[in-house]
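Here's a quick briefing to read alongside the sequence and the model. Have both open as you go.

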Amino acid sequence: MDDHAVAAELAREAGELLLEIRDQGGAVGDRRSDELLLKRLAELRPDDAVLSEESTDDPIRLSRSRVWIVDPLDGTREYGQPPRADWAVHVALAVDGRAEIGAVALPVPGLVLETGAPPVLPPAHDGPPRIVVSRSRPPACVHHLTAALGADTIPMGSAGAKAMAVVRGEADIYAHSGGQYEWDSCAPVAVAAAAGLHTSRLDGSPLIYNQPDPYLPDLLICRPELAEEVLEALRDFGI
């Protein structure tokens, strides 16, 4: 399998496992999915490093060009509230700090969106921009964007579910501030970029992965025709 196929297959396998054991709760899901992904990566890509949310960080990754960055269960809270579907599995490969290859599994609807067969971006939405936003902790930048763009908001759970809502044409903008880590965005960014979406930090600078500190606090994924307007609005907000 090439790297694209590895990402897609492992995201699918982890998603299927999570569905099977969902009644055991999020803590078990996190652990079992992590174990599966680490085992399969050791089998399929033994020479690559891995950065996982659920495992101790191995600093050897900093000396490697190829690093798999995984979130075994993105949206543990949502996973623990069946039948909610807004949770995901992220499997990505960063090469020299760039999110080049990735897959995001949305197990409830049975979807795996991946860079090997990039999703086709639907036509532009006819109406106000739609911003996907956290149900419980909407960041301050979203309130500003909503006012500046005359946008509507769509509440949703995990980072992967939000990003894939833009990829699938269910939303137009995903802007996040206030704290994320590399595993939260690497696979979604790879898939979104492959689909032709704009991806960056909120100030427009590139997203760089496999850093000594994996904290990567902010993110913008949006339709390309909205990117400049969104970035200008964020600059007006002081970002």
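This is a predicted model: local features need pLDDT of at least 70, side-chain atom pairs count only at pLDDT 80 or more; totals for chains, interfaces and linings use all residues.

Residues are numbered from 1 along each chain as its sequence is written, and side-chain values use heavy atoms, with hydrogens and water left out.

**The α4/α7 pair**
- Helix α4 (residues 140-149) and helix α7 (residues 227-236) have axes that come within 10 Å and cross at roughly 120°; axes are lines fitted to C-alpha atoms, for helices over the stretch in contact, and angles run from 0 to 180 degrees between N-to-C directions.
- Helices here are DSSP runs (H or I, at least four residues), numbered from the N terminus.
- On the α4 side, Cys-141, His-144, Leu-145, Ala-148 and Leu-149 meet Glu-229, Val-230, Ala-233, Leu-234 and Asp-236 of α7, with contact meaning heavy atoms within 4.5 Å.

**Ala-140**
- Ala-140 sits in α4 and is partly exposed, at a relative accessible area of 46% (buried is under 20%, exposed over 50%, partly exposed in between, with a 1.4 Å probe and protein chains only).
- Leaving aside neighbours within four places in sequence, Ala-140 touches Ser-177 and Phe-237.
- Ala-175 is 35 residues from Ala-140 in sequence, yet 10 Å away in space, C-alpha to C-alpha.

**Helix α6**
- α6 (residues 182-194) is mostly covered, with 11 of its 13 residues buried, among them Trp-183, Pro-188 and Val-191.
- Just after α6, Gly-196 takes a positive phi of about 100°.

Terms used. Helices (H or I, at least four residues) and strands (E, at least two) are DSSP runs, numbered from the N terminus.
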